[in-house]
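Dear colleague,

I am handing over the structure we spoke about, and I would be grateful if you could look through it alongside the notes that come after it.

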Amino acid sequence: MRTIKIWNDNPSESQISDIVNVIDNGGIVLYPTDTVYALGCDALNVKAVETICRIKGINPAKNHLSIVCDDISRASEYARIDDTGFRLMRDYTPGAVTFLFRALNTLPKAFRGRKTVGVRIPGNAVARAIVARMGRPLLTASVEHDDEDIMRNPELLAEQYEGEASLLVDGGDGGTEVSTIVNCTGMHPEITRVGKMDVDL
């Protein structure tokens, strides 16, 4: 697995171009977020999405899929965000929160298995810069491991996903706390998973 090392959450233009080139060609990248490291691909590339679902053992009909966007405007192209959802995103993004919204048909069929999509605008400049350069969202799926030392170490994670991901974006030590999940698909928003960020509804 090839590695691009980024210091201090401050990627260069050439590094972002290199990462996006891998994604544009259907590749899977292991990249940092403001919570744990994640696997990412072009959210509009059906084969790449299916590959991450296979790696993670995800059934799109039974599990929520999530995308990373660089801002609320981008998110609104793929999710139905009402006034309440907009206010919450304005108050808590960029940050360690995943918002569940109704998916728009601009997303591939896999996302519409449950008609919802998780939306992340992480407090991590690398992830947001990738999406901004792509002009479309990343499908994102958090890495998982029982050993927190492995969760924090991008090189050890790369060994775990060798042969499945094409590129490690090494942003230094990762975290072990997951994002807070706020479900905005009902009449009133509801916290369905307590995670790294406190959200006041």
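This is a predicted model: local features need pLDDT of at least 70, side-chain atom pairs count only at pLDDT 80 or more; totals for chains, interfaces and linings use all residues.

I begin with helix 2, which spans residues 46-56 and in which Ala-48, Val-49, Ile-52, Cys-53, Ile-55 and Lys-56 are buried. Seen down the helix axis, these buried residues fall within an arc of 165°, and they therefore line one face of helix 2. The buried residues pack against strand 3 (38-42) and strand 8 (138-142), whereas Lys-47 and Arg-54, on the other side of the helix, are exposed. At the start of helix 2, a side-chain oxygen of Asn-45 reaches to within 3.1 Å of the backbone nitrogen of Lys-47, and the helix is followed by Gly-57, whose phi is positive, near 65°.

Strand 8 gives the largest share of the lining, with four residues. By residue class, the lining of the largest pocket divides into 13 nonpolar, 10 polar and four charged residues.

Thr-93 counts as buried because its relative accessibility is 14%, which is under the 20% cut-off. The side chain of Thr-93 reaches the backbone oxygen of Met-89 at 2.4 Å; leaving aside residues up to four places away in sequence, Thr-93 touches Ile-72, Phe-99 and Ile-121.

Val-199 lies in the segment after strand 11 (190-193), and with a relative accessible area of 12% this residue, too, is buried. Not counting residues up to four places away in sequence, Val-199 touches Tyr-92, Val-97, Thr-180, Val-182 and Ile-191. Val-199 and Val-22 are 177 residues apart in sequence, and their C-alpha atoms are 35 Å apart in space.

With best regards

Notes:
Residues are numbered from 1 along each chain as its sequence is written. Side-chain values use heavy atoms; hydrogens and water are left out. Buried means under 20% relative accessible area, exposed over 50%, partly exposed in between (1.4 Å probe, protein chains only). A polar contact is a pair of N or O atoms within 3.5 Å; within protein, one must be able to donate a hydrogen and the other to accept it, and residues adjacent in sequence count only if both atoms are side-chain atoms. Contact means heavy atoms within 4.5 Å. Helices (H or I, at least four residues) and strands (E, at least two) are DSSP runs, numbered from the N terminus. The arc is that of the directions from the helix axis to the C-beta atoms. Ala, Val, Leu, Ile, Met, Phe, Trp, Tyr, Cys and Pro count as nonpolar, Asp, Glu, Lys and Arg as charged, and the others, Gly among them, as polar.
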